Amino acid sequence: MEYDIHTLLDSATLATTLWVIYMIRFKLKSSYMDDKDNLAIYYVVVPCAVLSLLIHPKTQHLAINQILWAFCVYLEAVSVLPQLQVMQNTKIVEPFTAHYVFALGIARFLSCAHWVLQVIDSRGQLLTALGYGLWPSLVLVSEIIQTFILADFCYYYIKSLVGGQLVVRLPSGVV
């Protein structure tokens, strides 16, 4: 049952992600700021691919599935970097985008807190349930990295709200 639910949720996530990509690339192309999007994607993808080849779960699944699972975990941890780079280059973040990234940051914080509390509550047994070697620790580190990447934006979001601003203004060098 759990496997079926995760498969359904992962499929729904994939479908909505593909829909968003389609909308951005074709329907909303006029709003895309090509000159502000200057983070080469290979700086994000290649390190994740190399790391997934080196450190991945050791399960009964096929090796390619283990590597792809690790790649997804590592890529998810840094997937927001291109969006943050675009926002940094524009220096001003519109309210709708700011609300979305802030909500994403809060969700990532809660997810990270959940995993950390689960590890503490299980006295580390959760890490051994995920496998052995460096993989279990890197899953937790990936959650923490993603949380810290978004924490900086959340700080400026809250600072803008407290200051009564509808748009978030980012200083130089945030990302």
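**Entry 1: Fold and extent**

I take helices (H or I, at least four residues) and strands (E, at least two) as DSSP runs, numbered from the N terminus. On that basis I find seven helices and two strands in the protein. Read from the N terminus on, their order is α-α-α-α-β-α-α-α-β. The model is predicted: I require pLDDT of at least 70 for local features and 80 or more for side-chain atom pairs, while totals for chains, interfaces and linings use all residues. I number residues from 1 along each chain as its sequence is written, and side-chain values use heavy atoms, with hydrogens and water left out.

I looked up the extent of the C-alpha trace, which spans about 50 × 35 × 30 Å along its principal axes.

**Entry 2: Surface, burial and contacts**

I computed accessible areas by the Shrake-Rupley method with a 1.4 Å probe; for residues, only the protein chains shown count as cover. The accessible surface comes to about 11900 Å², and carbon and sulfur atoms hold 69% of it. I call a residue buried under 20% relative accessible area, exposed over 50%, and partly exposed in between (1.4 Å probe, protein chains only). Of the 175 residues, 30% count as buried.

For contacts I use heavy atoms within 4.5 Å. Among contacts with a separation of 6 or more, 69% join residues 24 or more positions apart.

**Entry 3: Cysteines**

I searched the whole structure for disulfides (pairs of cysteine sulfur atoms within 2.5 Å) and found zero.

**Entry 4: Transmembrane annotation**

I consulted the unreviewed UniProt entry, which lists residues 12-28, 40-57, 63-84, 96-117 and 137-158 under "transmembrane region". UniProt positions are in the numbering used here, feature names are shortened, and annotations may be inferred rather than shown by experiment.

I then examined two of these spans in the model. Residues 63-84 are 91% helix and 0% strand, with end C-alpha atoms 33 Å apart. Residues 96-117 are 100% helix and 0% strand, and their end C-alpha atoms lie 31 Å apart.

**Entry 5: Ile145**

I located Ile145 in helix H7 (residues 135-162). Is Ile145 buried or partly exposed? Ile145 counts as partly exposed, because its relative accessibility is 39%. I also checked its separation from Val78: the two C-alpha atoms are 7.8 Å apart, although 67 residues separate them along the chain.
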